[in-house]
Amino acid sequence: WKYMDLWWKVLELQKRTPLPLSNRTSMFMGQLEWVVPCHPFNLKMYEAAYQQALDAIQGRVINPPERFRLMNLWFFPSHLQKLASWLENEHSVKIARNLWYDHWGKYEDVVLDHNDPLGSLATKYMHWPVLYMSRGSLEERVSAVLEDIEEYKIDGAIYPASATCHNAYSVRTLKDKLREHDIPVLVVDCENWDPTYVTAEIVKDKLEGFIETLENTLSIQIK
């Protein structure tokens with residue numbers, strides 16, 4: 001219960017501007033949930049992340065400036081995750097949402113009962129981001145993502161399109177729907193486990209081109 005409570009608190013703080021957590025920290029939280037869910041180490045990590053976010057908001061640590069904030073529609077392959085730090089450090093671009101790591105649905109729907117541990121566990125996993133983003137109609141998922149975009153003030157989205165993961169292709173329809181709503185989306189063709197499929201330099205070039213697109217979009221909106 002405390003574990004999930006920290007999740008919700010951190011997600012709420014991530015709505016702040018500038019984003020209080022680093023790109024890699026928010027990704028790491030989701031990866032821990034995948035690999036060792038509910039492990040005592042996770043609780044310590046989440047407590048530290050929550051405190052880190054509070055320190056950034058309250059000015060006790062330096063919080064880097066923020067130009068744009070993105071939503072990640074899939075997973076950064078492990079060999080490309082360092083680019084999340086590069087985006088932040090070199091371009092002041094923050095990743096506010098990692099859908100398949102931290103989209104648990106609505107807080108009021110994930111009701112955990114101390115008196116019903118097995119039922120609570122089932123509820124948790126029905127809302128686990130991987131399942132939550134896979135079930136239901138496309139319209140329901142699009143609606144939930146658009147709501148996130150508004151709440152987290154998202155400027156654009158990245159879709160790391162894995163060539164060998166069948167589930168990744170389900171995101172393509174979501175990507176198309178976001179573009180219909182004028183949300184800029186960058187598609188990065190990659191492979192989860194093969195670093196030779198695409199180099200980090202090629203992905204960097206694509207990301208820099210996407211940042212230019214966001215700059216142009218912002219200048220048009222201002223005019």
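**Briefing: helix contacts and aromatic pairs**

In this structure, Asn23, Arg24 and Met27 of helix α2 meet Lys82, Ala84, Ser85, Leu87 and Glu88 of helix α4. Contact here means heavy atoms within 4.5 Å. The model is predicted, so local features need pLDDT of at least 70, side-chain atom pairs count only at pLDDT 80 or more, and totals for chains, interfaces and linings use all residues. Residues are numbered from 1 along each chain as its sequence is written, and side-chain values use heavy atoms, leaving out hydrogens and water.

**Helix α2 with helix α4**

- The contact of α2 with α4 divides into three nonpolar, two polar and three charged residues. (Ala, Val, Leu, Ile, Met, Phe, Trp, Tyr, Cys and Pro count as nonpolar; Asp, Glu, Lys and Arg as charged; the others, Gly among them, as polar.)
- Helix α2 covers residues 23–35, and its axis lies 8 Å from that of α4, at an angle of about 150°. (Axes are lines fitted to C-alpha atoms, for helices over the stretch in contact; angles run from 0 to 180 degrees between N-to-C directions.)
- The two helices α2 and α4 are therefore roughly antiparallel. (Angles under 35 degrees count as roughly parallel, over 145 as roughly antiparallel, 65 to 115 as roughly perpendicular and the rest as oblique.)
- Helices (H or I, at least four residues) and strands (E, at least two) are DSSP runs, numbered from the N terminus.

**Helix α1 with helix α3**

- Helix α1 (residues 2–13) and helix α3 (residues 40–57) have axes that come within 10 Å and cross at roughly 25°.
- That makes α1 and α3 roughly parallel to each other.
- On the α1 side, the contact is made by Lys2, Tyr3, Leu6, Trp7, Lys9, Val10 and Leu13. The α3 side brings Asn42, Leu43, Tyr46, Glu47, Tyr50, Ala53, Leu54 and Ile57.
- The residues of this α1 and α3 contact are 11 nonpolar, one polar and three charged.

**Aromatic pairs**

- The whole structure holds 10 aromatic pairs. (Rings of Phe, Tyr and Trp, its six-membered ring, pair if their centres lie within 6.5 Å; planes under 30 degrees apart count as stacked, over 60 as edge-to-face and the rest as tilted.)
- The ring centres of Trp74 and Trp100 are 4.6 Å apart and the planes stand at 75°, so this pair is edge-to-face.
- Trp74 lies in the loop between β1 (68–72) and α4 (82–91), and Trp100 in helix α5 (residues 99–102), so the pair ties together parts 26 residues apart in sequence.
- Trp74 and Trp100 are both buried. (Buried means under 20% relative accessible area, exposed over 50%, partly exposed in between, with a 1.4 Å probe and protein chains only.)
- For Phe75 and Tyr101, the ring centres are 5.3 Å apart and the planes are at 45°, so the pair is tilted.
- Phe75 counts as buried at 10% relative accessibility, and Tyr101 does so at 8%.
- One aromatic cluster is formed by Trp34, Trp74, Phe75, Trp100, Tyr101, Tyr125 and Trp128.

**Two buried loop residues**

- Phe76 sits in the loop between β1 and α4. Phe76 is buried, at 6% relative accessibility.
- Beyond its neighbours within four places in sequence, Phe76 is in contact with Met27, Gln81, Ile95, Ile158 and Pro160.
- Asn192 is in the loop between β4 (185–190) and α10 (200–222). Its relative accessibility is 13%, so Asn192 counts as buried.
- Not counting residues up to four places away in sequence, Asn192 touches Trp74, Pro77, Ser78, His79, Ser162 and Cys165.
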